[in-house]
Amino acid sequence: MKQCLYDLSFYEFGVWLANQGQKPFRTSQVFDWAYKKNAGSFDDMTNLSKELRTLLDGSFHLGPLPHTATSGDQGATKLLVKLPLGGEVECVRVAMGNTFTACLSSQLGCAVRCAFCATGQMGCERGLDPGEIIAQLITIRAMGGQVSNVVFMGMGEPFHNYANLLHAIRLIVDKRAFGMSPSRITVSTAGVAPMIHKYAEERIPTELTISLNAPNDELRERLMPGVAEWPIAQVAAAAKAYTKATGGQPVTFAYVLIDGVNDHLDHARELAQLLRRQPHHLNVIPLNPVSHTDLKRPSRQRTNAFILHCRRSGLNVSLRRSKGVDVDAACGQLSTGLRAA
């Protein structure tokens with residue numbers, strides 16, 4: 001079976017080429033075609049010899065993945081992508097002015113089991129290989145337009161697939177590959193505290209978002225059972241460590257607001273006590289509808305009251321309006337037919 005070219009770092013691919021008796025400069029040539037010029041096949045690489053193209057084609061695959069796309073009226077296109085190693089995963093292309101954000105998935109399903117998330121009800125079959133992660137970005141970019149930002153907010157808990165996530169991020173920021181600034185990449189985690197500490201040690205200053213969704217451990221365990229082993233105090237401490245390691249960059253905390261569940265003013269007061277003394281940004285996200293639950297989005301009045309109380313309590317807070325609700329592509333809505341046994 002052919003290997004995905006995107007599974008290899010610049011160094012790893014250079015070693016492979018050297019073992020085939022190829023000159024070192026060929027590594028840069030192939031990477032330039034694969035990442036800068038978005039080559040869909042090795043035949044596109046016209047400055048390589050026919051013999052080398054044949055060798056590469058017999059060993060690797062590259063280019064956009066087979067997919068179906070559904071576009072809505074809110075600037076989002078949801079892609080159902082067929083994975084080379086089996087299964088299908090959803091990712092999203094979101095219009096942001098004249099450029100696009102690529103929302104990528106890191107797993108086939110998710111084990112966190114958030115009560116308000118369609119992906120969380122799937123279970124988790126496996127983590128995606130680095131090449132499967134990168135190929136989503138390649139597929140989105142091939143649709144046209146400049147991809148200016150990458151967010152790991154699709155299916156899966158990124159830090160449950162840590163090694164492959166890290167490999168993909170290193171390729172995205174590698175100037176010989178995509179060359180994207182780390183500040184244009186966001187990793188969203190449900191709060192896997194030990195891995196937040198580990199990621200801080202990598203010193204890759206991407207944006208970090210932590211899905212909090214509750215101001216106390218009891219409610220968080222009910223809403224997010226898959227990460228309940230790490231109390232909120234540990235998650236907050238990990239966030240502080242990340243801010244320190246990245247030179248003062250504040251962490252964004254996401255808070256999905258659910259009617260009658262976590263939207264009381266008492267919850268806002270608890271949240272203020274938790275976040276007020278550390279660098280942060282709080283994104284309040286009114287619940288997006290998913291079919292498996294009776295949970296509801298709060299009224300605009302309750303949402304505004306919650307945000308106002310947080311703001312008056314000293315929090316840096318904003319209301320995040322999700323794009324793609326009309327095609328089930330917004331926060332918490334991604335899902336495929338996979339179900340855990």
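**View 1. L334, in the segment after β14.** In this predicted model, local features need pLDDT of at least 70 and side-chain atom pairs count only at pLDDT 80 or more, while totals for chains, interfaces and linings use all residues. Residues are numbered from 1 along each chain as its sequence is written, and side-chain values use heavy atoms, with hydrogens and water left out. L334 counts as buried because its relative accessibility is 3% (buried means under 20% relative accessible area, exposed over 50%, partly exposed in between, with a 1.4 Å probe and protein chains only). Leaving out residues up to four places away in sequence, L334 touches K78, E90, V92, A118, T119, G154, M155, D328 and A329; a contact here is heavy atoms within 4.5 Å. A18 is another story: L334 and A18 are 316 residues apart in sequence and 42 Å apart in space, C-alpha to C-alpha.

**View 2. The open sheet of 10 strands.** Follow the order β3-β4-β5-β6-β9-β10-β11-β12-β13-β14, and you'll find mixed pairing along the way. Strands (E, at least two residues) and helices (H or I, at least four) are DSSP runs numbered from the N terminus, and two strands pair if DSSP finds at least two bridges between them. β3 (67-71) and β14 (317-319) sit at the edges with a single partner strand each, so one side of each has no neighbour in the sheet. On average, neighbouring strands are turned by 25° against each other, direction ignored; axes are lines fitted to C-alpha atoms, for helices over the stretch in contact, and angles run from 0 to 180 degrees between N-to-C directions.

**View 3. β12 alongside β13.** These two strands, residues 251-257 and 280-286, run parallel and are joined by seven bridges. Look for F253, whose bridge partner in β13 is L282, and for A254, which stands opposite N283. β13 is mostly covered, with six of its seven residues buried.

**View 4. Helix α4 across the sheet strands.** Residues 130-141 make up α4, which lies across β3, β4 (76-82), β5 (88-96), β6 (99-103) and β9 (147-152), at about 45° to β5. From first C-alpha to last, the 12 residues of α4 reach 17 Å, close to the 16 Å expected at 1.5 Å a residue (that expected span is 1.5 Å times one less than the number of residues). With 12 of its 12 residues buried, α4 is largely enclosed by the rest of the structure. Among those buried residues are P130, E132, Q136 and R141.

**View 5. Helix α5 and its packing partners.** α5 (residues 162-173) has 12 residues and spans 16 Å between its first and last C-alpha, close to the expected 16 Å. The buried set includes Y162, N164, H167 and I172. Buried residues of α5 pack against α1 (10-19), α2 (25-36), α4, β9, β10 (185-189) and α6 (193-202).

**View 6. Stepping back to the protein, with 10 helices and 14 strands.** Its C-alpha atoms fill a box of roughly 70 × 40 × 40 Å along the principal axes. Of the 341 residues, 54% count as buried. Among contacts with a separation of 6 or more, 67% come from residues 24 or more positions apart.
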